[in-house]
Amino acid sequence: MSKETLVSLQRLNVVNNSTSSIIQVGDRDNTYQYKQGISIQRSKAIYGFDEPYFASYPMFCYELPPLYQWLPDGKVVHEMYGKLAPLPPPLPTIEVGSVNIITSSSSSNIHIGNGSKRVAENRQKNIRQFLDGIKLDPSQFSSSS
Amino acid sequence: MNIYIQQQNLKVGNIDIIAVSSSSTFQIGDNDQVILYAISEDVPDSIQIGPFPQLSRGVNHNEQRNARITSATKRR
């Protein structure tokens with residue numbers, strides 16, 4: 001299908017769309033979606049000291065492996081409908097009835113249309129801290145600056 | 001992998017999706033190249049290994065399922 005496509009969409013119902021995710025109706029060229037996050041679950045709520053840095057954890061820094069090297073070589077054959085049958089080539093359209101999606105999150109993508117190249121990246125670290133039995137002094141954690 | 005692309009109309013009826021999550025994609029249409037990365041570090045307590053509990057799909061579905069289970073037990 002060519003990059004000039006008519007899209008007719010009757011109904012699109014998305015309840016929640018969050019954290020670097022996209023809803024698009026229509027064509028698109030290049031996309032790079034990136035999301036990184038640290039979530040800390042503590043047994044006790046404490047405030048007044050530094051937030052964690054992404055640079056402290058190597059999983060936010062190292063380079064991603066190139067995935068395309070694992071794909072074998074293939075060929076792409078474009079076939080026009082008008083060449084197969086002696087009919088005038090129809091206008092390339094996408095017709096969608098109804099789409100119901102409850103949630104899309106964390107650099108996910110809802111796209112009705114054509115795209116070229118897409119990379120989505122999501123790095124998430126979850127930490128649990130158990131602070132039972134530790135005496136917390138806010139002045140101990142406050143930064144010197 | 002060989003791909004045959006035909007320039008035709010693309011018609012889709014109805015689609016119901018609960019969640020599109022963590023660098024996943026839902027597309028109606030064509031694309032040249034898709035690379036999706038998801039890196040997650042989590043505590044070992046949060047790892048769930050199947051079988052996962054099935055989400056209930058409403059009263060009618062459960063009734064049908066219960067009827068199926070009871071009929072299976074009667075056969076025994």
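Q: What percentage of the 145 residues in chain A is buried?
A: A residue counts as buried if 20 or more other C-beta atoms, placed from the backbone, lie within 10 Å of its own. In chain A, 17% of the 145 residues are buried. Keep in mind that this is a predicted model, where local features need pLDDT of at least 70, side-chain atom pairs count only at pLDDT 80 or more, and totals for chains, interfaces and linings use all residues. Residues are numbered from 1 along each chain as its sequence is written, and chains are lettered from A and ligands numbered from 1 in the order in which they are written.

Q: Which helices and strands does chain A have, and in what pattern?
A: Helices (H or I, at least four residues) and strands (E, at least two) are DSSP runs, numbered from the N terminus. Chain A has 2 helices and 7 strands, in the order β-β-β-β-α-β-β-β-α.

Q: How many residues does each chain give to the contact?
A: Two residues are in contact if their C-beta atoms, placed from the backbone, lie within 7 Å. Here chain A gives 52 residues and chain B gives 44. On the chain B side, strand 2 contributes the most, with 12 residues.

Q: In which sense, parallel or antiparallel, do strand 5 of chain A and strand 2 of chain B pair?
A: Strands pair if DSSP finds at least two bridges between them. Strand 5 (residues 93–105) of chain A runs parallel to strand 2 of chain B, over 10 bridges. Within this pairing, S98(A) is opposite N14(B).

How values were computed
A residue is buried if 20 or more other C-beta atoms lie within 10 Å of its own, exposed if 12 or fewer, and partly exposed in between; C-beta atoms are placed from the backbone.
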